[in-house]
Amino acid sequence: MSLTSIVGKLFIPRQKELEKHLTRAEEQQEKVLNYLVARGRLTEYGHRHGFDAIKNYDDFTRLVPQNSYEELKGAIDRMRHGERDVLWPGRVKWFAKSSGTTNDKSKFIPVTTEGLQRIHYAGGKDSIALYFKNNPNSRMFDGKSLILGGSHAPNYNVADSLVGDLSAILIENINPIANLKRVPKKSTALLSDFEIKRDRIAKECWNQNVTNLSGVPSWMLSVLVRVLEISNKETLDEIWPNLEVFFHGGIAFTPYRHQYQQIIRSPKMHYMETYNASEGFFGIQNDLSDPAMLLMTDYDVFYEFVPLEEVDNEGPKHFVPLSDVEIGKNYAMMITTSCGLWRYLIGDTIRFTSKNPYKFVITGRTKYFINAFGEELIMDNAEKGLAYACEKTGAEVSEYTAAPVFMDEHARCRHQWLIEFKQAPRDISEFEQILDRKLQQLNSDYEAKRSHDITLQHLEVITAREGLFNDWLKSKGKLGGQHKIPRLSNSRKHIDELLQLNNQ
């Protein structure tokens, strides 16, 4: 009997509990809200906002304001200095460092003991439970897990308190038993220099029996390419014949799928998406034939949703609880969690594909879209458009970003795409035309603005040199970890920096 078959039995009770997500999600959410409010009454934030008077969801929405990071930043900074009972009872030791979605260089998300166990680790365990349910013949635990993480550092001068990538926090606090089945060794996993870490991971892991991978697709791919270089092999099947699953999240997998399929040829390989972020763990792909993820409704996360078109409204917004969401509509996700995030707009946008069970796909970021001319191009459009253009031209995209070129004196404007190709198309003009036509098919607003080239001109693709995006991240001190390329932006700040670096 394999170790996996023994361990797998431990997940059977949870597999049965997960069936409640199919029919009782709203009931689960009500229990979560009651628990969070009860704990919140013991905090300064709860006293200030009258948590004692909250008896139901209507009271909650009336008394508790919507928050961005900027609204909570002062309280979080006090928590980082060691103050207790500010946004959540007790003192918080860990802060997940994230970037790119606020006016500051970095934001620091509290990670409480409850949040660590009842959100983040709960999501990791459920990913395995659902994978085993779909793959009863798995031998995953008969080998090692290659888990890619970031790094952490001391938090101010507060004893015992650290800040860092969420993945580093998870590795630092993981059950010691789990470390027996994980590679690389902890000291390597937590290195801050990604280039050194990448090389050491590859050297430590290439001769191990790796059966599963966990991490962000872009950074994991970089490590796997180095493994192939060190081993002098063409595919990972030759190195890790028992590799069977990649648990991935953090960024869209579509631009990387073909590259993974090139280096992993085994027909038994599975790719399972998870929606895990510094702020929480929210979804798991429970059916590998369906790209939509199951919303996890019994963690310490209470969900609300804001119609995308209302996100930037100055006036009152229409907040939608889970029971009132509509299938096919884009929403910005708002969360309340046991990490002290109260009615917090996370910055991601999603679209539900079903109710009972509640399943969804990530469509982009509230900040990652181009709407300079009323075209409302979101990341979901961009990913699908690029995938189609690559399919038709044989190209492969490694990294990309896009931004508007604003109107000149002749009222001419366009979208400019900077793309680093792994395999460039033979004809860049053909690639541009296919991408532009597909975006019009995917987005009626973009199509309307492109009509007769009157408002919006044909898009432009600029080819980036090899390694450009990594060099740009390195120049920002953001190479590795959970740092992401800003895919779409209404501002030219990022693309102009990249273009300048590309021309040097």
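Biologist: How much space lies in the second largest pocket?

Modeller: This is a predicted model, in which local features need pLDDT of at least 70, side-chain atom pairs count only at pLDDT 80 or more, and totals for chains, interfaces and linings use all residues. Residues are numbered from 1 along each chain as its sequence is written, and side-chain values use heavy atoms, without hydrogens and water. A pocket is an open set of points on a 1 Å grid over the protein atoms alone, where a 1.4 Å probe fits, with protein on both sides within 12 Å along at least five of seven lines. Taking volume as the space filled by probe spheres set on the points, joined across faces, edges and corners, the second largest pocket holds about 710 Å³.

Biologist: Which element gives the most to the lining of the second largest pocket?

Modeller: The lining, meaning residues with an atom within 4 Å of a point, has 25 residues, with Ser222, Ser398, Glu420, Glu466 and Asn470 nearest the centre of the pocket. Among the elements giving two or more residues are α12 (194–205), β19 (396–405) and α18 (468–475), helices being DSSP runs of H or I with at least four residues and strands runs of E with at least two, numbered from the N terminus. The most, 6 residues, comes from α13.

Biologist: What percentage of the 504 residues of the protein chain count as buried?

Modeller: Buried means under 20% relative accessible area, with a 1.4 Å probe and protein chains only. By that cut-off, the share of the 504 residues of the protein chain that count as buried is 56%.

Methods:
Buried means under 20% relative accessible area, exposed over 50%, partly exposed in between (1.4 Å probe, protein chains only).
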